[in-house]
Amino acid sequence: MFGIIIVLLMSMVYFSNSQLMDIYSYRDKFVQDAKYIPREMTNPHWLGDFNIIYADFIWFESLQYYGDRKEKKASLEYLSNIFNSITNLDPYFEQAYSFGATLVGTDGHNWKGCEQLLKKGMINLPDDWRMPFFLGFFNYMWYKNYRAAELWFKIAVKKPGCPERIYHFIPFMHFRMGDYYTGMLMWIEIYNNAKNEQEKKGALQNIKVYAKKHLTKAIRSFIRDKGHIPENLYVLVKTGYAKGIPNLPDGSKFYYNVVKDSVLIHK
Amino acid sequence: MTEILRAEHLSKIYKSPFFRINHRGIRDVSFSVNEGEIFGFLGPNGAGKTTTLKIIVGIHRADSGRVFVKNIPINDIEYKKHIGFLPENPYFHNYLSAEEFLSITGALYGLNGKKLRERIKEVLEKVGLTKYELRGKRIKNFSKGMIQRLGIAQAIIHEPEIVILDEPLSGLDPIGRKEVRDVILDLKKEGKTVFFSSHILQDVEMICDRVAIIADGKIIKTGILEEMLVKKDGAYEVKLALKESSSFDVIKKFGEISDIEGNTVFVYVDNEESKDKLLETIVKDGFGKILKVNPLHKSLEDEFMRLFNIEEKNEA
Amino acid sequence: MRRSYYIAKAVFLESLKNYTLVSMIVFGVVVLVASLFLNNAMLGEYGKLVVDLELTLPILIGLIIIIFNGTRLVYDEIEKKTIYIYASKPIKRWEFMLGKFLGLTAVFLVVTTIFAILGFLFLMLLHIPVKGQYVLSLFFSIMELMILLSVTMFFSSFSATPILTGVFAFVIYFAGHLAPDIYQYSLMAKNQFVRVLVRIIYYILPNLSYYNITKEVTHNISISINQIYYVISYALLYIVLMMVFSILIFEKKEF
């Protein structure tokens with residue numbers, strides 16, 4: 001009898017935590033908690049063996065909190081506190097870092113909190129590629145800091161389990177920085193290491209685009225300095241305006257079309 | 001007769017740990033129990049009966065003195081194989097059934113397997129717990145008498161030579177008392193020695209061969225109960241229905257009027273001669289009807305108290 | 001030892017028949033099933049909740065059993081005088097205590113095994129790979145509960161009421177998990193006296209934080225063999241010490 005009562009009470013507490021939040025206007029309380037949590041409650045040792053479960057509960061609560069506040073268009077400034085708490089309790093909770101940082105950055109508009117969360121994730125989960133990737137991605141997206149982004153992507157691709165696709169971000173960062181030649185060289189490398197035809201095709205496409213950009217930029221500089229167009233593309237390399245002209249793997253060549261004033265490729 | 005249990009100069013004083021106040025205990029208790037008899041251990045509440053019993057079965061350690069069963073000293077683990085014990089107001093694991101409980105207690109004596117199962121059946125039959133629908137029933141649902149009998153069952157499961165029972169009859173209804181008493185007498189028939197304590201004289205008188213009387217932590221007397229108690233008979237209570245209230249004076253010559261209810265009178269007469277005369281007068285002179293003549297025994301409790309009083313006077 | 005086994009059997013049988021075990025398992029199953037519905041909210045780490053619950057529930061249930069049954073294990077026997085039955089039987093007091101301890105340990109073992117099996121079934125239903133390290137974590141949990149039980153029995157050998165013992169056990173559980181912080185504090189404290197005092201407290205408390213490897217296990221962090229050896233020997237030492245102390249006190253006790 002006693003046991004059954006305990007079971008009932010326990011399950012009531014359990015459900016009241018996750019399901020009945022609206023009834024008890026729990027969320028307002030949670031906002032208070034969110035301010036309060038990081039200071040006292042997130043030393044995982046205070047909770048005995050239940051830190052992980054508690055982290056899971058805050059995770060659910062935080063999702064509800066997020067949804068609710070978003071709907072009301074209310075401020076989400078404490079979001080980073082919540083995800084900090086979760087990751088204090090369960091330092092290996094990968095989603096709390098990556099997904100949490102995304103929410104903190106996009107909806108909380110708290111770039112610093114986002115960055116801190118991801119860096120914390122990198123310390124606690126040094127073998128995970130997602131933290132540096134997201135850090136790179138957010139640097140690229142929000143700060144337009146392509147140099148930093150490229151560095152983070154480079155770290156990400158060294159981690160085990162990192163998808164091949166992440167490699168493509170690195171030349172793209174060079175493209176954005178205006179360093180088309182380095183980006184192109186990277187695409188050549190990707191082309192050489194590609195495992196299937198589709199990837200090869202994509203890489204080739206990118207090599208051509210990067211090379212064209214590179215050469216066009218060089219021609220513009222050449223004309224501006226010398227006052228005439230270069231005799232051929234190799235002059236650009238000789239005079240140091242271009243770093244090199246790639247030999248395209250499919251055998252096609254670059255040429256400069258004066259009429260169209262652009263670099264073209266012919267087979 | 002051979003001696004089976006011997007207690008020599010047992011003393012035990014309970015000390016309060018903080019105030020150093022000495023609580024009741026027992027002082028220099030010695031007695032012996034013979035094989036095959038029912039030995040009663042009689043004394044008022046708080047006299048030290050339970051303390052003595054606890055020492056004998058090894059729950060408490062005596063400050064001084066020794067106990068032997070068949071010349072085996074108490075600190076030998078063999079000792080406990082020869083005794084069976086039923087504590088006062090026993091209480092068992094509420095949720096187990098009688099069989100489960102007995103199988104655990106039996107196992108502690110090294111019984112197991114088929115032998116244990118047979119023994120449990122035998123013992124339950126002996127204490128009369130088979131006739132109920134008891135199979136698998138939890139001890140929680142047992143009546144007090146049934147618990148008492150189960151207690152005896154666990155005490156005799158390993159066929160001990162001596163069974164020690166602490167207040168086995170207290171707190172039971174008349175039927176329960178009879179059942180437990182019958183079990184004790186059956187044990188005697190089997191040749192077992194029974195040692196039991198009680199504060200109720202009638203119980204002891206009814207079934208015991210020998211008794212030891214303990215008061216205030218000391219043994220007062222040991223021996224056969226009838227020899228110890230001097231009975232005085234001869235007082236009577238006579239109930240009469242009188243025709244006229246004027247006859248009161250006549251009656252008063254023979255004895256005291258203890259109660260009057262209308263025409264009905266209770267007369268206390270203190271000897272047989274007066275009683276005969278009173279009845280004769282009433283019948284002959286036609287004062288009324290005789291409703292009841294009730295012989296008054298001097299109660300056993302009174303005798304019991306008398307024994308203690310003698311003891312106290314001697315001490316003084 | 002044989003006789004301890006029978007006492008243990010009595011403890012186990014009783015907890016089986018007074019529905020402690022059954023109600024705790026029903027509670028656990030309810031929570032596990034409920035967790036299935038919440039599982040989708042775990043986004044990328046699908047099944048994390050089931051694994052977390054599976055590894056944590058046995059401890060929660062063990063704690064409840066310790067608080068409600070463990071604290072009354074010896075107390076009830078004395079209070080209701082069942083101890084008289086055992087004291088008059090050819091069983092030594094240490095055998096009795098050991099039996100009580102082993103009986104409740106068996107209960108923990110059964111609870112944990114049932115949860116392990118249930119949890120693995122759930123994981124298989126969700127098509128989540130089952131890792132061998134989960135078993136290690138559960139094994140650690142049982143050791144943790146055994147340590148806590150031995151501490152509880154030690155307290156119950158001299159404390160006046162089971163409620164007091166329960167409070168002690170509860171405090172020790174959380175203080176035991178704070179052991180690393182206590183150690184840190186002993187390093188940081190400026191006063192030499194405080195430093196020594198805190199260090200002594202650290203060595204007296206059971207370091208239960210060793211036994212919480214749930215997060216390492218759920219996130220594939222490897223645990224070295226050395227750590228396992230150390231943790232097992234630490235548990236054994238602590239349990240033996242606590243049991244010896246409580247038996248010594250129990251031997252002196254008069255009921």
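A residue is buried if 20 or more other C-beta atoms, placed from the backbone, lie within 10 Å of its own. The model is predicted: local features need pLDDT of at least 70, side-chain atom pairs count only at pLDDT 80 or more, and totals for chains, interfaces and linings use all residues. Residues are numbered from 1 along each chain as its sequence is written, and chains are lettered from A in the order in which they are written.

**Exercise 1. Describe the make-up of chain A.**

Start with burial. Of the 267 residues in chain A, 38% are buried. Next, count elements, which are DSSP runs numbered from the N terminus: helices (H or I, at least four residues) and strands (E, at least two). Chain A has 12 helices and 2 strands. Then read their order: α-α-α-α-α-α-α-α-α-α-α-α-β-β.

**Exercise 2. Check the span of α12(C), then find its packing partners.**

Take the length first. Now list its buried residues; among them are A235(C), Y238(C), M242(C) and F250(C). The buried residues pack against α6 (93-125) and α7 (133-156) of chain C.

**Exercise 3. Work out what chain A brings to chain C.**

Contact requires C-beta atoms, placed from the backbone, within 7 Å. By that test, 25 residues of chain A touch 32 residues of chain C. Elements of chain A giving two or more residues are α1 (2-18), α3 (51-72) and α5 (94-106). α1(A) gives the most, with 8 residues.

Notes:
Buried ≥ 20, exposed ≤ 12 C-beta atoms within 10 Å, placed from the backbone. Contact = placed C-beta atoms within 7 Å.
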